[in-house]
Amino acid sequence: MKVIICDDQAIIRDGLELLLKLEKDIEIVGLAQDGAEALELVARISPDLVLMDLKMPGMNGVEATRRICLEYPAVKVLVLTTFEDDEWVFDAIRAGASGYLLKDNPREKVVEAVRGTIAGKSYIDPLVAGKILDQAASKQEQPPSTLTDQLTGRERDVLRLVARGFSNAGIAESLHLSEGTVRNHVSAILARLNVSDRTQAAILAIRHGLDV
């Protein structure tokens, strides 16, 4: 798995490089200090994933994510963030990032997020997921979408609660349904949206302006 690390702080770049080099199946193929350099490396190396910081001088991580996802759709972007970057993270997800990861996570979580993202899963750090979803719900300007046209009214209700982090039991209690019925709705939602897990469905809900 070929990975590029993009962060304007050398200590973070070097630390992540050392951490990931311990894994035999992960190869660090480039280090970038801003978005423009990351784009240049992506064009030249074609990595599987870019670990992307957000707040950087020059081209920031949101714009770099947008460009990478548009020009190199096979390359995954996993955002590196802090608790203070909520607005930036939301914009990065809207730009096409596959998920986000807190910078102070332990090694095993970073490795899990990298492997999972490359495998096609969407990783959202659970410690800040609620904050991002709350922010998504409060957005005033949202893009028009036909996403909800693919779902029934009940499926939209279930997806809203999935995006808020509710478990099947919590959804069942909230909507006065059985857990079995909720499981069926969730399975139908994943199939209709062509995604493999609840996190991907929640990110789609955010990107397409579903009022969560």
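This report describes the sheet, the helices packed on it and the salt bridges of a predicted model.

## Basis of the description

Because the model is predicted, local features need pLDDT of at least 70 and side-chain atom pairs count only at pLDDT 80 or more, whereas totals for chains, interfaces and linings use all residues. Residues are numbered from 1 along each chain as its sequence is written, and side-chain values use heavy atoms, with hydrogens and water left out.

## The parallel sheet

An open sheet is formed by 5 strands in the order S2-S1-S3-S4-S5, with parallel pairing; strands (E, at least two residues) and helices (H or I, at least four) are DSSP runs numbered from the N terminus, and two strands pair if DSSP finds at least two bridges between them. S2 and S5 stand at the edges with a single partner strand each, so one side of each is left without a neighbour in the sheet. On average, and with direction ignored, neighbouring strands are turned by 25° against each other.

S1 and S3 are joined in the parallel sense by 4 bridges, and Val-3 stands opposite Leu-49 in S3. Strand S4 (residues 76-81) runs parallel to S5, to which 4 bridges join it, and Val-79 has Tyr-100 in S5 as its bridge partner. Strand S5 (residues 99-102) is covered on both faces, with Gly-99 and Leu-101 buried on one side and Tyr-100 and Leu-102 buried on the other; buried means under 20% relative accessible area, exposed over 50%, and partly exposed in between (1.4 Å probe, protein chains only).

H3 lies across S3 and S4 and runs at about 165° to S3.

In helix H2 (residues 35-45) the buried residues are Gly-35, Ala-38, Leu-39, Leu-41, Val-42 and Ile-45. Seen down the axis of H2, these residues fall within an arc of 165°, so they line one face of the helix; the arc is that of the directions from the helix axis to the C-beta atoms. Their cover includes strands S1 (2-6), S2 (27-32) and S3 (49-52) together with helix H3 (61-71), whereas the face turned away from the buried side carries the exposed residues Glu-40 and Arg-44. At the start of H2, a side-chain oxygen of Asp-34 reaches to within 3.2 Å of the backbone nitrogen of Ala-36, and the helix is followed by Ser-46, whose phi is positive, near 55°.

## Salt bridges

A salt bridge is a side-chain nitrogen of Lys or Arg within 4 Å of a carboxyl oxygen of Asp or Glu, and by this rule the count comes to 12. One of them joins the side chains of Asp-25 and Arg-115 at 3.0 Å, N to O. Asp-25 lies in the loop between helix H1 (10-21) and S2, and Arg-115 in helix H5 (residues 107-118), so the pair ties together parts that are 90 residues apart in sequence.

Glu-155 forms a salt bridge with Arg-192, with the closest N and O atoms 3.0 Å apart. Glu-155 lies in helix H7 and Arg-192 in helix H9 (residues 179-193), so this pair ties together parts that are 37 residues apart in sequence. Glu-155 is buried, with a relative accessible area of 4%, whereas Arg-192 is partly exposed at 41%. Elsewhere, salt bridges that share partners join Glu-23, Asp-25, Arg-107 and Arg-115 into one network.

How values were computed. Contact = heavy atoms within 4.5 Å. Polar contact = N/O pair within 3.5 Å; in protein donor to acceptor, adjacent residues only side chain to side chain. Axes fitted to C-alpha atoms, helices over the stretch in contact; angles between N-to-C directions.
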